[in-house]
Amino acid sequence: PPRLTWYTIPNALSLIRLIGILILLAWHLVAPIVYWQFLVYYALLGITDMFDGWIARRFNQKSVIGPQLDAAADGVFYLITPYFIWRFLPELVMHNITAIVLIIVLYSVYIMLPLVIFGKPILLHTRCLRFSAASIYTLTLLGWTPVAQILFWIAAGLSVLGLVEALWIFMLYAPEKRRIIPDPDFETIRKHVHYLKTHNPQSL
């Protein structure tokens, strides 16, 4: 069962990612850093997202606060990432401004919709959203290469698919279905969606 304490290695990694990206942003705003410096620090912070969940599962270091801390760290990390893309890759941004505006609108709805429906913020960890996050991370690190435009369209496509899927999941558990999930969070929603896909796919 999940531990009640939050003193675990996965939680420490999530906290490093959360605080680290805020420090990186503040550092750049106060004394602008060059691209290669940013890439080094950003890459190291992003790596923590690859290992916190794996360590929690592999070494039985799951905790009650772990999923919420990981989701908060991911949310802040990828909310700040577009600023750095705009700052260091302005040409890529300007060439794809329409797609970027669409993603921003979808992301805003993704953040606001659970507040309206459930009265609390909920960040999902679907496969599509995880692939989307990985593609945005890769784009940020390799945006200076000749394949930047290809990476952008991969990241944009996965982001749109992931956000639309998340909005669809939220709508499945609108207030009339709240009796199924009295106090929803992303983990219980994920389990119920998996159950419906397995046992009652026609309801989806």
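**Arg17 and its aspartates**

Guide: Aspartate 52 is buried in this predicted model, and arginine 17 is buried as well.

Visitor: Why does arginine 17 get called buried rather than exposed?

Guide: Buried means under 20% relative accessible area, exposed means over 50%, and partly exposed is in between (1.4 Å probe, protein chains only). Arginine 17 has 0% relative accessibility, so it counts as buried.

Visitor: What makes aspartate 52 and arginine 17 a salt bridge?

Guide: The label needs a side-chain nitrogen of Lys or Arg within 4 Å of a carboxyl oxygen of Asp or Glu. Here the closest N and O atoms are 3.1 Å apart, and the pair is a salt bridge. Aspartate 52 belongs to helix H2 and arginine 17 to helix H1, so this bridge ties together parts 35 residues apart in sequence.

Visitor: And how do you know what calls for a helix label?

Guide: That's DSSP: runs of H or I with at least four residues are helices, runs of E with at least two are strands, and numbering starts at the N terminus. On that basis the protein has eight helices and zero strands. Reading from the N terminus, the elements go α-α-α-α-α-α-α-α.

Visitor: What about aspartate 49 and arginine 17: how far apart are their closest N and O atoms?

Guide: They are 3.5 Å apart, and this pair is a salt bridge too. With aspartate 49 in helix H2 and arginine 17 in helix H1, the pair ties together parts 32 residues apart in sequence, which is why it links two helices.

Visitor: Which helix holds aspartate 70, the partner of arginine 17?

Guide: First the distance: 2.7 Å between the closest N and O atoms of arginine 17 and aspartate 70, and again a salt bridge. Aspartate 70 sits in helix H3, arginine 17 in helix H1, and this pair links distant parts of the chain, 53 residues apart. Both residues of this pair are buried.

Visitor: How many salt bridges are there, and which residues do they link in a network?

Guide: The structure holds four. The network joins Arg17, Asp49, Asp52, Asp70 and Asp74.

Visitor: What makes a set of residues a nonpolar core?

Guide: It takes buried Ala, Val, Leu, Ile, Met, Phe, Trp, Tyr and Cys residues joined through side-chain atoms within 4.5 Å. The largest such core has 45 residues, of which Phe38, Tyr42 and Phe170 touch the most other members. At least two residues come from each of H1 (9-30), H2 (35-58), H3 (66-88), H4 (90-95), H5 (97-118), H6 (127-142) and H7 (148-172). H7 contributes the most, with ten.

Visitor: Serine 135: buried or exposed, and why?

Guide: Serine 135 has 9% relative accessibility, so it counts as buried. It lies in helix H6. A contact means heavy atoms within 4.5 Å. Setting aside neighbours within four places in sequence, serine 135 has contacts with Ile154, Ala155 and Leu158.

Visitor: Why do isoleucine 111 and tyrosine 41 get the label they do?

Guide: Isoleucine 111, in helix H5, has a relative accessible area of 29%, so it is partly exposed. Tyrosine 41, in helix H2, has 40%, so it is partly exposed. The C-alpha atom of isoleucine 111 is also 6.8 Å from that of proline 121, ten residues along the chain.

Visitor: What share of the contacts comes from residues 24 or more positions apart?

Guide: Among contacts in the protein with a separation of 6 or more, such residues account for 78%.

Visitor: Where is the confidence lowest, and where is it highest?

Guide: pLDDT is the predictor's confidence in each residue, from 0 to 100. The protein averages 83, and 82% of residues score at least 70. Helix H8 (residues 186-199) is lowest, at a mean of 58, and H4 is highest, at 94. Over residues 177-182 the pLDDT is below 50, and that stretch has nine contacts in the model beyond near neighbours in sequence.

Visitor: What are the ground rules?

Guide: In this predicted model, local features need pLDDT of at least 70 and side-chain atom pairs count only at pLDDT 80 or more, while totals for chains, interfaces and linings use all residues. Residues are numbered from 1 along each chain as its sequence is written, and side-chain values use heavy atoms, with hydrogens and water left out.
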